[in-house]
Structure formats: structure tokens, C-alpha cells
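Hi everyone, thanks for making time. I'd like to walk you through a structure that may be new to you. Have a look at it first, and then we'll go through it together.

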Amino acid sequence: MKILHIVAGDLIGGAARGAYWLHCGLRDLGVESKIFTNSETDFGDKSVITCVKSKFDKAKNLIRGEIDNLFTAFYPRRKKDLFSLGVFGVDFTKIPEYKDADIIHLHWINKGFVNIKHLAKIKKPIVWTVRDMWAMTGGCHCSFECDNYKNGCGNCVQLQSKFKYDLSRYVFNRKKKYLPRDIRAVGVSSWMTETLAGSKLFKNSDIRTISNNIDTAEFFPIDKERAREILGLKTVKKIVLVGAGNLKDVWKGFPKYIEAVKLLDKNKYLFCLFGKLDERAIRSLDVEYRNFGFLHDNVSLRLLYSAADVFVVPSLMDSFGKTLVEAMCCRTPVVCFDATGPKDIVDHKINGYCATPFEPKSLAEGIEWVLNCPNYDGLCKNAREKVLKKFDSEVIAKKYIELYEEILKG
């Protein structure tokens with residue numbers, strides 16, 4: 001069984017990291033798995049084939065990403081959220097690894113890495129792990145209140161367009177034309193699977209749910225006091241942690257978190273943050289806080305998760321919630337909204353708290369409940385046990401192997 005994964009983005013973070021962990025899990029189980037990527041990081045792994053091998057390659061990769069997004073400039077009033085066209089990319093069907101593969105496994109394929117037109121050239125079975133909404137929309141990665149993807153897009157809310165035949169309709173129609181009809185789509189949460197099933201592009205597809213995964217050998221609990229000492233967190237206060245790769249993304253719900261913090265006793269807690277963010281919001285609250293910025297390595301994340309007493313995820317729309325699982329694997333209970341991907345992960349008052357969507361007051365109540373829970377140690381124990389049982393890379397890899405075998409048997 002030979003699998004070729006098509007993965008855009010740096011393998012050290014985001015959706016690409018989950019794809020890499022799956023790849024490693026598959027190889028550990030004896031599958032001949034390879035990755036084709038535009039990541040500059042390949043970990044010295046010979047099974048990772050990158051198209052970015054030189055400064056010239058890096059420049060081409062950057063230019064493709066910029067050009068792929070160029071046409072959004074015709075919509076000056078557009079929202080500044082990520083919008084991808086999929087009209088430029090590398091033709092991976094020309095590489096030797098494509099010719100050798102039994103199955104092509106797509107993951108996140110944006111930023112000018114894959115031209116949707118090239119998917120029509122694939123003459124092999126395709127699995128697409130859908131990690132955000134882009135696969136089913138006319139360009140946006142998170143639709144929020146807009147459900148135009150159910151009917152073909154146009155009048156795009158994100159582009160602030162009032163025309164039916166706008167850029168989003170063009171992108172949607174290209175997908176309709178070039179996407180192979182027999183793609184097996186995999187939602188990384190029950191919410192994502194339901195969303196795929198309700199979309200115009202995938203409603204007649206074979207859709208499964210297989211959760212995202214993490215490498216549980218990378219995320220494990222460290223003694224809380226020791227973790228705080230290493231991070232220089234000299235405090236007797238409870239630590240409330242929030243973080244993501246980019247907290248400025250509107251769907252991460254950071255403003256909801258800020259409203260929740262206003263309802264807490266600022267003298268009882270130290271608020272820690274990581275990821276890209278605008279500090280002005282937290283600074284304006286006059287609370288004690290530490291911003292760790294964007295963290296590039298798992299060691300720092302592991303220390304910070306372990307140092308925290310609770311991890312808060314205020315996401316408004318999340319296909320899965322990888323940071324939730326990472327924190328739980330470090331024995332840190334999670335507070336999230338009971339919606340979208342996170343609702344599959346957190347069990348209310350068993351390993352965390354599911355707040356009423358999308359009420360800051362309920363989020364604040366959840367933080368207080370976790371930090372004052374008489375069975376706090378039980379919450380921590382339950383959090384890690386669920387991750388080991390449900391989200392470990394080897395557990396998820398076995399589910400994909402079952403899918404691959406089903407496909408190859410016909």
C-alpha cells in the first residue's frame with residue numbers, strides 16, 4: 001500500500017503538522033507513506049519530498065501564493081480573512097512519487113500549492129481530509145453566517161460582493177468542473193462531516209469522520225511547578241492560558257475571551273497567551289498577563305500547557321481543535337464553546353467544560369468551575385486518557401488504513 005499525501009504549509013505548525021503526524025503513524029504501522037509539500041521544513045525525513053529546495057524555489061513558492069490571492073484586490077471592501085482561489089500551483093502528477101502511489105491523500109492544499117485543475121488529472125483513488133471549509137466554498141476558509149456554499153456561492157459575504165457572478169462563483173464553478181466525483185471526503189469532526197454533507201460540492205460524495213490526531217509522544221505532562229520555573233512564571237496565582245497559531249483570525253473568537261476575562265476577578269489569575277495577536281485588547285483590561293508570542297516548537301508548547309491550570313478555547317468555528325487536544329494530553333482541562341469541532345473533544349464536567357455558544361458569561365463560568373472543581377485532579381487525568389484513547393496518531397492511522405484497504409478492494 002503506497003500513499004502520497006499532498007500537504008501545503010510548513011510542517012511545523014497548523015494543519016500541516018497534523019498531516020505529518022498521520023504520515024508518521026502510518027509509517028510506524030508499515031504503510032509506505034510519502035509527503036509532497038511546499039514546506040521548507042522536512043525534518044531530514046527522506047519520505048518528505050519538498051518542492052522548496054533552494055532560494056529560487058522559495059521565491060517561486062512565495063510568488064505563487066501571492067498571485068493566487070491577487071484577484072481579491074478587485075474587492076477593496078473585502079474582509080481581510082483568508083481567501084484562496086486554487087488557480088495556481090505545482091503539478092504534482094508529474095513527480096515520480098505520484099506515479100508510484102496507490103492512493104492520493106489531499107490535506108490542506110492552499111496558498112498557491114495546488115491548482116484545482118490539476119486534480120482532474122488524477123487517475124488514482126483520492127482521499128481528501130477536509131481541515132477547514134475551503135474545499136466546499138468559493139474561496140473562504142470559514143463561512144460563518146453565510147451558507148452560499150450550499151447553492152454555488154456568489155454574492156460573497158467575505159468579498160463584500162453584491163454580484164451573483166463574482167470571484168467566489170468563479171472559484172466554486174472551477175471546483176465543480178475539476179473535482180473528481182469519486183473523492184472520499186473525510187471530516188475531522190462530526191460538525192465538519194455534517195457541513196460537507198450539506199454542501200453542494202460534496203453532498204453526493206462518500207463522506208467519513210476521522211478525527212484529527214496528535215503525536216502523544218510529543219505532548220505529555222510536566223510537573224506544574226517545574227514547568228512554571230522553566231518558563232519564569234513566578235506566581236501563586238492560577239494560570240489561565242489561551243492560544244492559537246493566529247489569535248487574530250476572527251473565527252478564533254479572541255474578543256469573546258476578552259469579554260469573559262472582564263467577568264473574572266483579575267487579582268486571582270495570571271493570564272498567559274501564545275500565538276500571533278494584538279496585545280492591546282488584553283493590555284486594556286489592566287490584568288496581570290504574559291504573552292509568549294508565536295511558539296515554533298513543541299517543547300515550549302508542552303511546558304506552557306503543563307504550567308497552566310486551564311486552557312481556554314473561545315473558537316466560534318473550528319473544524320477540530322488541535323490545541324485543545326495538545327493541552328488535554330498535558331493533563332490540562334479545557335473550557336470551550338459547545339459547538340463545531342471542539343464539542344467532539346471536551347466532555348462537559350468530565351475533562352473540561354462546554355460553555356453555551358457563544359456567551360462570554362458562560363465561558364467565564366466555565367473557567368471558574370474548572371479552577372474550583374473539587375475533583376480537579378480527576379479532570380486532568382480524564383483529559384489525558386481521552387486523548388490517548390481517541391486522538392493518538394497510531395489510533396487515527398489505523399482508521400485511515402481501514403479506509404485505504406476498503407478503497408483498494410473496490
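Let's start with helix H1, residues 14-28, which lies across E1, strand E2 (32-37), E3 and E4. H1 runs at about 160 degrees to E2. A contact here is heavy atoms within 4.5 Å, and axes are lines fitted to C-alpha atoms, for helices over the stretch in contact, with angles from 0 to 180 degrees between N-to-C directions. Helices (H or I, at least four residues) and strands (E, at least two) are DSSP runs, numbered from the N terminus.

Before going on, please keep in mind that this is a predicted model: local features need pLDDT of at least 70, side-chain atom pairs count only at pLDDT 80 or more, and totals for chains, interfaces and linings use all residues. Residues are numbered from 1 along each chain as its sequence is written, and side-chain values use heavy atoms, with hydrogens and water left out.

Now, the sheet under that helix. Seven strands make an open sheet in the order E3-E2-E1-E4-E5-E6-E7, and the pairing is parallel. At its edges are strand E3 (48-50) and strand E7 (206-209), each pairing on one side only. On average, neighbouring strands of this sheet are turned by 20 degrees against each other, direction ignored. Two strands count as paired if DSSP finds at least two bridges between them. For example, strand E1 (residues 2-7) and strand E4 (residues 103-106) pair in the parallel sense over four bridges, and His5 stands opposite His105 in E4.

There is a second open sheet, with six strands in the order E10-E9-E8-E11-E12-E13 and parallel pairing.

At the E10 end, strand E9 (residues 269-276) and E10 pair in the parallel sense over three bridges, with Tyr289 in E10 as the bridge partner of Phe271. At the E13 end, E12 and E13 run parallel and are joined by four bridges; Phe337 has Ala355 in E13 as its bridge partner. Both faces of E13 are covered, with Gly352 and Cys354 buried on one side and Tyr353 and Ala355 buried on the other. Buried means under 20% relative accessible area, exposed means over 50%, and partly exposed is in between, with a 1.4 Å probe and protein chains only.

Helix H11 (residues 322-329) lies across strand E8 (238-246), E9, strand E11 (310-313) and strand E12 (334-337), at about 170 degrees to E11. How many of the eight residues of H11 are buried? Eight of eight, so to speak a mostly covered helix. Just after H11, Arg331 takes a positive phi of about 65 degrees.

Let me finish with two single residues. Arg169 sits in helix H5 (residues 167-178) and is buried, with a relative accessible area of 13%. Leaving aside neighbours within four places in sequence, Arg169 is in contact with Asn151, Gly152, Cys153, Gly154 and Lys164. Phe74, in the loop between helix H2 (55-68) and helix H3 (96-100), is exposed, with a relative accessible area of 63%.
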